[in-house]
Structure formats: structure tokens, C-alpha cells
Amino acid sequence: TIAAADGVVFKMEKPRSEEVNGDVISFYNRKGYFAYGMQAFVSAKCKFLSISSRVCSSSHDSTSYAVSEVSKAIDEGKLPPEFHIVMDEAYPCRGQILSPFKGRNLPADKDAFNFFLSLNRQVVERAFGILVARWGIFWRPLRVSVKRIPLILSVCCKLHNICVDRFGESLEGLPPHNNAQDPSEIRVLLIDQTGTYAGYRSDLEKNDRRDFLCSRLVSLGAKRPERSVIRRSQRI
């Protein structure tokens with residue numbers, strides 16, 4: 001797994017009609033407020049590898065991914081076949097994009113796959129939490145023109161990565177990097193522009209990679225723990 005991906009929205013004041021070519025409603029999302037959306041791909045160290053803001057916040061996450069440069073690169077075969085990206089159930093599960101099985105009371109192998117996939121993709125949620133907690137500009141609705149928001153997101157994500165490099169991030173239990181490229185040299189990419197695109201759900205498609213990983217988990221005897229394996233710290 002080389003990255004975890006998900007979408008996030010940042011509250012914003014209602015944009016002026018002339019700023020968005022009259023398409024104000026596209027910035028009003030299902031949560032009931034105006035927002036600016038961002039699709040992010042995050043490393044195991046909670047660093048932003050790539051971010052994309054090509055669609056409005058009312059668009060489905062799978063649509064945001066479909067029009068991103070990362071999606072285009074994977075479709076063109078630029079990601080080596082042994083690697084993949086993990087996402088949640090809102091995304092399609094095909095090829096090198098892995099998302100969980102849907103439903104409850106799943107068979108043991110599918111439930112184990114969902115559990116370990118969730119462990120891998122938690123870093124993207126943590127990265128969003130750190131980003132918002134660290135930069136006060138996100139603590140209230142953004143009060144800037146729409147055209148300046150992509151720059152703000154790009155700068156905040158780059159500063160976030162600098163802070164991770166400067167102050168560190170736990171790597172306990174992870175194998176050392178043997179890649180020629182230093183992870184700290186990976187640049188944040190931002191694809192500007194907004195728009196509306198028609199998306200579709202294909203997360204139930206058959207995926208040979210996911211099926212293989214399920215069978216591998218079965219052979220290892222791996223399954224979801226019956227209870228948390230993390231000892232809770234005593235509250236003070």
C-alpha cells in the first residue's frame with residue numbers, strides 16, 4: 001500500500017455568483033453548508049502526496065477521484081503493478097484501487113480484509129485532523145475569494161508536510177525505506193479549477209487483487225480481533 005485517499009470539505013462563506021459563473025448551488029454540500037472540496041492522497045507518515053480540487057464540494061468522492069491526476073496516472077499504467085491505494089466504500093474497487101466489501105455480517109475473509117484495509121487507510125483521516133487542528137484558518141468558514149482557496153489549501157498542505165519532517169511522525173513497526181527517492185522530496189500537486197462531472201458507483205465490481213488479499217489473510221489465520229488489542233490509557 002503506497003497511499004490512502006479520501007475527500008474532505010472545508011466550510012466557506014457563500015460564494016458570490018460572479019465568482020463561480022452563477023453555479024453557487026454546486027458549493028452547497030449534503031451536510032448543509034457551503035464548502036470547498038479537496039481530494040487527498042496521504043502517505044503512512046500522514047504527509048500529503050497529492051491533492052486535487054477539480055470538482056465542487058457537492059460532487060461524490062468517486063467523481064473527485066475519477067477526474068484527479070492520480071487517477072489518470074494509474075489508468076495509464078504509471079503505478080507499478082505491485083502497488084495499490086486504499087480508499088473507503090465511496091470509491092470503486094478495481095485494479096490497483098482497493099475499497100472495502102459492503103454490507104454487514106460478512107464472511108470471515110471479507111470481514112478480515114475490511115478490518116486490515118481500515119487500519120491502512122486511517123492515516124488519511126488523521127492527516128485531515130492534524131491539518132485542521134494545526135491551521136486556524138480552517139476553524140471557521142473561509143472568508144476569501146473562491147479563486148484564492150486552492151492556493152491556501154496547497155500552502156497549508158506543504159507547511160503540514162514540513163512540520164511532519166521537522167517534528168517527526170512515529171514509524172514504529174514499519175519497514176525502513178529502500179526507495180531511491182527520499183519521501184521528503186515528494187511535492188504536493190494541486191489541480192485547480194472546479195466544475196461538475198457525472199460520476200458512477202462501481203465499488204461492487206470484482207477485483208482480483210482484493211480476492212487474492214482475502215485468501216492470503218485466510219491462509220495467515222488473520223481476522224478481526226474480538227476486542228480492542230490496544231490497552232486504553234488511564235484517564236487523568
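Reply: We can begin with a definition: a residue counts as buried when its relative accessible area is under 20%, and as exposed when that area is over 50%. Everything that follows refers to a predicted model.

Me: Is C163 buried or exposed?
Reply: The cut-off for a buried residue is a relative accessible area under 20%. Because the relative accessibility of C163 is 13%, C163 counts as buried.

Me: How many disulfides does the protein have, and which cysteine sulfur is nearest to that of C214?
Reply: A disulfide requires two cysteine sulfur atoms within 2.5 Å, and by this rule the count comes to 0 disulfides. C214 is in no disulfide, and at 9.0 Å the nearest cysteine sulfur is that of C93.

Me: Is C214 itself buried or exposed?
Reply: Burial requires a relative accessible area under 20%. The relative accessible area of C214 is 3%, so C214 is buried.

Me: What is the order of the elements from the N terminus on?
Reply: The secondary structure of the protein comes to 5 helices and 6 strands. Read from the N terminus on, these elements run β-β-β-α-α-β-β-α-α-β-α.

Me: Among contacts between residues at least 6 apart in sequence, what share joins residues at least 24 apart?
Reply: The protein has 236 residues, of which buried residues make up 39%. When its contacts between residues at least 6 apart in sequence are considered, the share that joins residues at least 24 apart is 72%.

Me: Which element gives the largest share of the lining of the second largest pocket?
Reply: The second largest pocket has a volume of about 610 Å³. It is lined by 34 residues, and the closest to its centre are G7, V8, V9, K31 and D61. Two or more lining residues come from each of β1 (3-11), β2 (35-42), α1 (61-66) and α3. The largest share, 6 residues, comes from β1.

Me: How many residues in the lining of the second largest pocket are charged?
Reply: By class, this lining has 14 nonpolar residues and 11 polar residues. The number of charged residues in the lining is 9.

Me: Which backbone oxygen does the side chain of S99 reach?
Reply: S99 lies in the loop that runs between β5 (97-98) and α3 (108-134). With a relative accessible area of 0%, S99 is buried. At a distance of 3.2 Å, its side chain reaches the backbone oxygen of Y91.

Me: What is the phi of C46, and where is this residue found?
Reply: Most residues other than glycine have a negative phi. C46 is not a glycine, yet its phi is positive, at about 65°. At 0% relative accessibility C46 counts as buried, and its place is the loop between β2 and β3 (48-52).

Me: What is the phi of N105, and is this residue buried or exposed?
Reply: N105 belongs to the loop between β5 and α3. Although N105 is not a glycine, it has a positive phi of about 50°. An exposed residue has a relative accessible area over 50%, and because that of N105 is 80%, N105 is exposed.

Me: How far apart are the C-alpha atoms of S50 and V70?
Reply: S50 is in strand β3, and with a relative accessible area of 9% it is buried. S50 and V70 are 20 residues apart along the chain, while the separation of their C-alpha atoms is 7.7 Å.

Me: How far apart in space are I51 and M38, C-alpha to C-alpha?
Reply: I51 also has its place in strand β3, and with a relative accessible area of 0% it is buried. In sequence, I51 and M38 are 13 residues apart, whereas in space their C-alpha to C-alpha distance is 6.7 Å.

Me: Which residue has a side chain joined to that of R121 by a polar contact?
Reply: R121 is in helix α3, and at 12% relative accessibility it counts as buried. Leaving aside neighbours within four places in sequence, R121 is in contact with A4, A5, D6, V86, M87 and D88. The polar contact between side chains, at 3.1 Å, joins R121 to E125.

Notes
Residues numbered from 1 in each chain as written. Predicted model: local features only at pLDDT ≥ 70, side-chain atom pairs only at ≥ 80, totals over all residues. Heavy atoms only, no water. Buried < 20%, exposed > 50% of the residue type's maximum accessible area, 1.4 Å probe, protein only. Helix = DSSP H or I, 4+ residues; strand = E, 2+ residues; numbered from the N terminus. Polar contact = N/O pair within 3.5 Å; in protein donor to acceptor, adjacent residues only side chain to side chain. 1 Å grid on protein atoms, 1.4 Å probe; cavity = no way out; pocket = protein on both sides within 12 Å on 5 of 7 lines; lining within 4 Å. Points joined across faces, edges and corners; volume = space filled by probe spheres on them. Nonpolar A, V, L, I, M, F, W, Y, C, P; charged D, E, K, R; others polar. Contact = heavy atoms within 4.5 Å.
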